[in-house]
Amino acid sequence: MNLHIAICDDQRQDASRLEELLMKQITSLQGMTASIEIFESGQTLLQAMTTTAYDIVYLDMEMPEYNGIEVAEKIRLKDARVLIIYVTSHTSYMRRSFAVHPFRYLLKPIDEHELQTATVKAIQQCMQRNNVLSFSIHHMSYNLRVDDIMYITVERGKKLVLCTEQGTYSYYGKLRELEGQLGSHDFCRVHTGFLVNWLYVRSLSKELIQLKNGLELPVSRSRSSDSLRSYHAFIEKRLLR
């Protein structure tokens with residue numbers, strides 16, 4: 001597997017040291033390679049993300065113009081899946097960063113063991129994202145990455161509609177069966193007719209879900225409590241990684 005990694009740090013010496021450690025650690029893992037790009041500002045990283053999809057971003061918290069939180073907020077508008085690992089000298093921003101779902105925190109100066117632990121966990125997450133959902137439409141076979149699915153709904157009680165940021169896919173099936181297939185991923189049945197991927201959720205109330213693209217989906221009264229518990233478990237799991 002080849003990883004696309006970005007390092008964003010206005011301190012070139014720190015970024016180069018991190019790049020050196022990452023290359024050393026990743027190349028020691030069997031079957032793993034990496035391409036690493038260094039950016040000295042959030043603006044240049046965000047510009048690069050218009051044409052390049054990164055698996056992992058190592059992001060400095062304190063930078064001129066945009067700090068790490070502001071950069072991550074803009075990243076999330078472009079990519080809900082990329083793993084953000086903060087590299088910082090301070091922990092004071094930690095609570096505010098929860099909204100952008102950081103994967104890990106690393107304190108400067110970088111400890112090699114902590115970096116390796118965080119990177120291996122991130123690689124495992126990236127490999128899991130390669131899981132695909134296979135289905136057929138008009139005798140054509142499709143393989144869709146599970147983490148690309150924002151939500152799934154039902155059309156006229158018979159057709160499943162898989163909604164992604166790029167478009168939709170419709171085929172005949174049962175939502176209950178698909179719910180079982182996706183049980184090991186971050187999906188939740190929030191309504192009789194909706195299965196939602198928490199990765200794409202901005203906010204949740206007892207009656208409504210707002211996705212990061214602004215779309216709103218209903219939460220049924222009977223599933224409200226379970227949905228809240230599932231969402232809180234998802235947030236907690238991401239914070240503990």
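Trainee: Is N197 buried or exposed?
Mentor: Good place to start, and keep in mind that this is a predicted model. N197 sits in strand β12, residues 194-197. Buried means under 20% relative accessible area. The relative accessibility of N197 is 0%, so N197 counts as buried.

Trainee: Which residues is N197 in contact with, leaving aside its neighbours within four places in sequence?
Mentor: N197 is part of strand β12. Leaving aside neighbours within four places, its contacts are V146, D147, I149, M150, D186 and F187.

Trainee: Let's move to M32. Is M32 buried or exposed?
Mentor: Find M32 in the loop between α1 (12-27) and β2 (33-39). The cut-off for buried is under 20% relative accessible area. M32 has 10% relative accessibility, so M32 counts as buried.

Trainee: How many Å apart in space are M32 and L3, C-alpha to C-alpha?
Mentor: In sequence, M32 and L3 are 29 residues apart. L3 is also among the contacts of M32, along with M1, I26, T27 and I123. From C-alpha to C-alpha, the distance between M32 and L3 is 7.6 Å.

Trainee: Which elements give two or more residues to the largest nonpolar core?
Mentor: That core has 24 residues, and those with the most contacts inside it include L3, I26 and Y58. The elements giving two or more residues to this core are β1 (2-8), α1, β2, β3 (56-60), β4 (83-88) and α5 (112-128).

Trainee: Within what arc do the buried residues of α1 fall?
Mentor: The buried residues of α1 are A15, L18, L21, L22, Q25 and I26. Looking down the axis of α1, these buried residues line one face of the helix, because they fall within an arc of 130°.

Trainee: Which residues are exposed on the other side of α1?
Mentor: The buried residues of α1 are covered by elements that include β1, β2, β3, β4 and α5. On the other side of α1, the exposed residues are Q13, E20, K24 and T27.

Trainee: How many Å does α5 reach from its first C-alpha to its last?
Mentor: α5 has 17 residues. At 1.5 Å a residue, the expected span is 24 Å. The model comes close to that, with a reach of 24 Å.

Trainee: Why do the buried residues of α5 line one face of the helix?
Mentor: In α5, L115, A118, T119, A122, I123, Q125 and C126 are buried. Seen down the axis of α5, these buried residues line one face because they fall within an arc of 160°.

Trainee: Where is P109, the residue whose peptide bond from K108 is cis?
Mentor: The bond from K108 to P109 has omega near -10°. P109 is found in the loop between β5 (104-107) and α5.

Trainee: Is H101 buried or exposed?
Mentor: H101 has a positive phi, near 55°, and is a residue other than glycine. It lies in the loop between α4 (94-97) and β5. Its relative accessible area is 7%, so H101 is buried.

Trainee: And E65, is that buried or exposed?
Mentor: E65 is not a glycine, although its phi is positive at about 70°. You will find E65 in the loop between β3 and α3 (68-78). Its relative accessible area is 62%, so E65 is exposed.

Trainee: Which residue stands opposite S134 in β7?
Mentor: Along β6 (residues 132-137), S134 points to one face with V132 and S136, while L133, F135 and I137 point to the other and are buried. Six bridges join β6 to β7 (residues 140-145), and these strands run antiparallel. The residue opposite S134 is N143.

Definitions and conventions. Residues numbered from 1 in each chain as written. Predicted model: local features only at pLDDT ≥ 70, side-chain atom pairs only at ≥ 80, totals over all residues. Heavy atoms only, no water. Helix = DSSP H or I, 4+ residues; strand = E, 2+ residues; numbered from the N terminus. Buried < 20%, exposed > 50% of the residue type's maximum accessible area, 1.4 Å probe, protein only. Contact = heavy atoms within 4.5 Å. Core = buried A, V, L, I, M, F, W, Y, C linked by side-chain atoms within 4.5 Å. Pairing = 2+ DSSP bridges. Expected span 1.5 Å × (residues − 1). Arc of directions from axis to C-beta.
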